Amino acid sequence: MRITADRERCISSGMCALIASEVFDQDEDDGRVRLLAPQPQHRHAAAREAVEACPSGALALDDRPVRWTAVTDDDRDLSAH
C-alpha cells in the first residue's frame with residue numbers, strides 16, 4: 001500500500017488525521033495534510049478509510065503489489081570487471 005497526498009488540493013478538513021493519526025497529520029502553519037507514513041506497515045484499514053473520507057480528494061491510495069525483479073549475471077555488464 002502506498003499513499004500520496006496533494007497538498008494543493010487539500011482543504012484542511014483534518015478528517016485524515018482524525019481517522020488515521022499514525023499515517024496523517026496537519027501542518028501547524030496552514031492546516032494542510034502532512035503524510036507521516038506514505039507506506040504504512042500497519043493501520044491499512046484506517047488509512048484506507050481516511051483516503052475515502054477526504055472531502056477534497058487530496059489523498060490517493062495505490063494497492064498494487066510491488067514487483068521485484070531478480071538481477072542475474074546475464075543482466076549485468078561483467079566486462080567491466
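Is Asp27 buried or exposed at 19% relative accessibility? Asp27 counts as buried. That is because buried means under 20% relative accessible area, exposed means over 50%, and partly exposed lies in between (1.4 Å probe, protein chains only). The notes below start with the model and come back to Asp27.

1. **The model.** This is a predicted model, in which local features need pLDDT of at least 70, side-chain atom pairs count only at pLDDT 80 or more, and totals for chains, interfaces and linings use all residues. Residues are numbered from 1 along each chain as its sequence is written, and side-chain values use heavy atoms, with hydrogens and water left out.

2. **The layout.** The chain has 2 helices and 4 strands. Read from the N terminus, their order is β-α-β-β-α-β. Both kinds of element are DSSP runs, numbered from the N terminus: helices are H or I with at least four residues, strands are E with at least two.

3. **Cover and contacts.** The chain has 81 residues, and 27% of them count as buried. Now take contacts between residues at least 6 apart in sequence: 56% of them join residues at least 24 apart. Contact means heavy atoms within 4.5 Å.

4. **Salt bridges.** How many salt bridges does the structure hold? There are 7. A salt bridge is a side-chain nitrogen of Lys or Arg within 4 Å of a carboxyl oxygen of Asp or Glu. Side chains of opposite charge can pair when their charged atoms come close.

5. **Glu22 and Arg43.** These two form a salt bridge, with the closest N and O atoms 3.6 Å apart. The pair links distant parts of the chain, 21 residues apart. Glu22 sits in the loop between α1 (15-19) and β2 (24-26), and Arg43 in the loop between β3 (33-35) and α2 (44-53). Glu22 is exposed, at 53% relative accessible area. Arg43 is partly exposed, at 36%.

6. **Asp25 and Arg34.** Another salt bridge joins the side chains of Asp25 and Arg34, at 3.6 Å from N to O. Asp25 is partly exposed, with a relative accessible area of 30%. Arg34 is also partly exposed, at 34%.

7. **A network.** Arg32 forms a salt bridge with Asp30, their closest N and O atoms being 3.9 Å apart. Through shared partners, salt bridges join Arg7, Glu8, Asp27, Asp30 and Arg32 into one network. Arg32 is partly exposed at 26%, and Asp30 is partly exposed at 36%.

8. **Back to Asp27.** Asp27 lies in the loop between β2 and β3. Its side chain reaches the backbone nitrogen of Asp30 at 3.3 Å. Leaving aside neighbours within four places in sequence, Asp27 is in contact with Arg7, Arg32 and Arg34.

9. **Two backbone angles to check.** Most residues other than glycine have a negative phi. Which value does phi of Ser12 have? Phi of Ser12 is positive, near 65°. Ser12 is in the loop between β1 (2-5) and α1, and is partly exposed at 28%. Arg43 is not a glycine either, and has a positive phi of about 65°. Arg43 is the salt-bridge partner of Glu22.

Definitions and conventions: Polar contact = N/O pair within 3.5 Å; in protein donor to acceptor, adjacent residues only side chain to side chain.
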